[in-house]
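Subject: Structure handover

Hello,

Please find the structure below. My notes on it follow.

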Amino acid sequence: MNAELLSRLQFALTASFHFIYPPLSMGLGLMLIVIGIMYVRTKDPKWRRLSFFWIKVYGLIFAVGVATGVVQEFEFGTNWANYSRFVGNVFGSLLAAEGVFAFFLEGGFLGLMLFGGNRLGPKMWLAATCLVVFGAHFSAIWIIMANSWMQTPAGYTIQALPTPVRAYMTQFVQVMFTPSFIPRIMHVWFASWTAGSALMLSVSAWYLLRKRHVEIAKANLLVALPFFIVFSILNALMFGPVQSTEVTNNQPLKLASMEGLWQSQSCAPLYLVGWVNTTTETTTGISIPCLLSLVAYRNPQAVVTGLNDFPANLYPPINLVFQVYHFMFNIGFLLIPIGVLGLIWYFWKRKVFQAGWLLWLFVVTVFLAEIAITAGWWTAEVGRQPWIVYNLLKTAQGTSPTLSTGEVAASMVMFVGLYALLFILFIYLLNGKIQQGPEPLEDVESVPVTSLPDSFREIFRRRPARAE
Amino acid sequence: MNLNVIWFGLFLIIIAGYLILDGFDLGVGSLHMFVAKKDEERRIILNSIGPVWDGNEVWLILGGGVLFAAFPLAYASLFSGFYLAMMLVLLVMILRTVAIEFRSKRSSSKWRGAWDIVFGVSSLLLALLLGVAFGNVLSGVPIDANGNMQVTLFQLLTPFALLVGITAVAMFALHGSIYLSLKTTGELQARLRKWMPRLMSVFFILNTLVVLAIFLYRDPISARYISNIWLVIFPLGALIAALVAWYLLRKGQDLQAFIASGTMIALLLISGGIGIFPNLLISTTDPRYNLTIYNAASASNTLTVMLIIALIGMPLALLYTAGVYYFFRGKTELDTHSY
């Protein structure tokens, strides 16, 4: 164990733990907007009841997301000082832009969203929710931009003087829109929306299984299901392949590692499951011939470059990349039949609410989606190794030169303990909220909805309704 | 006025924004153990900052991002050099967030009591750590020829840095008490008002000691003020703002007093910033190793792009912040959405 390895592990731990929450703030946020719109349009109180319920859940998810997000910003400086020196000109500005543009939106309006139910009319409350959720998506844009620059750097020049060697920005637009950015943000967004709609689907199905809040759970399930189907299908069949084409073009070594392809070949196979043996340089498993060539190049006869055509010292941990990628891939495809079965049972058998086995499948979707997202993120990040900035700076060169093993070990122990505590509390409280379920409107509404200010004019002309 | 100076100024303004805004909720957190007697009072205190603390913390995150982008070499040296201190900052920040969010999710008094202690202690510690960090920036740090430094947690706790730390705790507690007075009524408010003169006197004494210590022991800073005596208007302005805040509090004009104490905090930070200017980190090893706003900065095109971003984004950010504060103005009342 040395400081570098521990720093890597610590970053992997903190980033993976953080990345449980932002996809849900985006995905559940989008679903909250859907439910808010349903209420504004129909005035059916069940949608308002659901809004009150889900916004509490959202607050919990958001709080842990914020708390663990700050860690990420600090760690660039604390553990990766030489990386920060190298990329500051380029990467720093994207991070600062995220702060200025996105965090203020989220942080500013979160209070209105969480505390606004009895102070704002439904339209204004929905507007506050929209702004927070927009902020969350905007935040993802900047952070994926920054990360995409690390994957496919563009719009920069390297200068050795003044020391240290640094990347300087030449074209801000190229820095923002590197070749991998658009495919990656779409993939992340659709994955997040899948996870968010899966959370709603999962909780509604669980209520139906437990025969609690049955009417409202049915309504909620029917809202979540179509979104879940559309998002999971589009992500697996459209944005996933677009992303793999991008990787093929820009990071061919990563693609070869993801598929464990050793020899360059046309009609390259795509593995469903397998194991990569790096000593014998073979990959064994169940594969579909020609499919990789088809996905990567839209042409089954295309030649996909294999690992043997790259220097072995630039290999990432190949089997790990292969495994996490296939985890994501298989789960992503597994979500589609679950959604489609729901649709079939709803239209053809009319028994979606009675089919216990199907409801159980719905319950597990959110866990599957979260695992797939984490596995996907690992594919992107582990697959980039040994580089921290692809082809420019090795991860080993990016560390903080002053760190001692003891210091990183101490912080690692702190994070393991703290995050374990956080996770237990999060699950405990989330479970508590879900067990309690949507409360009757009488219990959550302290003033009649019609008396709340529902336009800017009403808000700013008089004292908030409660103060009167 | 060049881009580097502008960014140093903007960085100070952002940190001042953080200290003014998150400062009061740190102060509220430090005080709530002492002033609230009943659960309902605790909840009123927590809910007085409930809708805004998250937005307040954004200013620190922005400050970190701006330091990274505008002065990456200083960001890298500071964050890696103060490694364990930074980890401690993260620890208390996370615990604070968790405490305020989780406290009222259950009604058991043990649960709530435990989180109250966590919230109070972490708020207090964060205020202390911010002060200690600022104290160390004022006194200088052991930067070597490569821009690296290694400072253990205990080396950071010099008498001077600790003094600045305790001063920061008192300053935020005072600022927080004024905010709470704005947000509360009746018995709770009366109890708070009893705390104010004590906090004010403690802060006043401590801050005088800090100024004396700087004048006597911190040569680069006192030399700057002696060489350009007009700069003294900033610390003097802070003194006047403090006196005005005190006068307004006695007259019962809490809102104006809050603005005055915010102004004081900003002026104190700016006075410190002017004291080290144009350095960001003063090297105690050799003045040639100082990290300045020139040798630690990003290139001018990055600074220009960021200035455009800031000019678009900051007015919007101020607008939302003001709007949200305006919306939640007035005394805090509890409802079903409260913590």
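**Notes on the two chains**

In chain A, 75% of the contacts with a separation of 6 or more are between residues 24 or more positions apart; two residues are in contact if their C-beta atoms, placed from the backbone, lie within 7 Å. This is a predicted model, in which local features need pLDDT of at least 70, side-chain atom pairs count only at pLDDT 80 or more, and totals for chains, interfaces and linings use all residues. Residues are numbered from 1 along each chain as its sequence is written, while chains are lettered from A and ligands numbered from 1 in the order in which they are written.

Confidence comes next. The predictor assigns the complex an ipTM of 0.89 and a pTM of 0.91. For chain B the average pLDDT (the predictor's confidence in each residue, from 0 to 100) is 88, and 99% of the residues score at least 70.

Chain A has 15 helices and 8 strands. Helices (H or I, at least four residues) and strands (E, at least two) are DSSP runs, numbered from the N terminus. The radius of gyration of chain A, taken over C-alpha atoms, is 24 Å, close to the 23 Å from the globule rule for 468 residues, so chain A is as compact as a globular protein of that length. That rule is 2.2 Å times the number of residues to the power 0.38. Along the principal axes, the C-alpha atoms of chain A fill a box of roughly 70 × 55 × 40 Å. Of the 468 residues in chain A, 54% are buried, meaning that 20 or more other C-beta atoms lie within 10 Å of the residue's own.

Strands S4 (residues 270–277) and S5 (residues 282–288) of chain A run antiparallel and are joined by 7 bridges; strands pair if DSSP finds at least two bridges between them. A:Tyr271 stands opposite A:Ser287 in S5(A). The hairpin of S4(A) and S5(A) has 4 residues between the strands, and A:Glu281 takes a positive phi near 55° there.

The contact between the chains takes 62 residues from chain A and 59 residues from chain B. H4(A) gives the most to the chain A side, with 25 residues.

One residue of chain B was also examined. B:Gly81 is in helix H4 (residues 72–81) of chain B, and counts as buried because it has 26 C-beta neighbours inside 10 Å. Residues that B:Gly81 touches include A:Thr402, B:Val141 and B:Met149, leaving out those up to four places away in sequence.

Regards

Definitions and conventions:
Buried ≥ 20, exposed ≤ 12 C-beta atoms within 10 Å, placed from the backbone.
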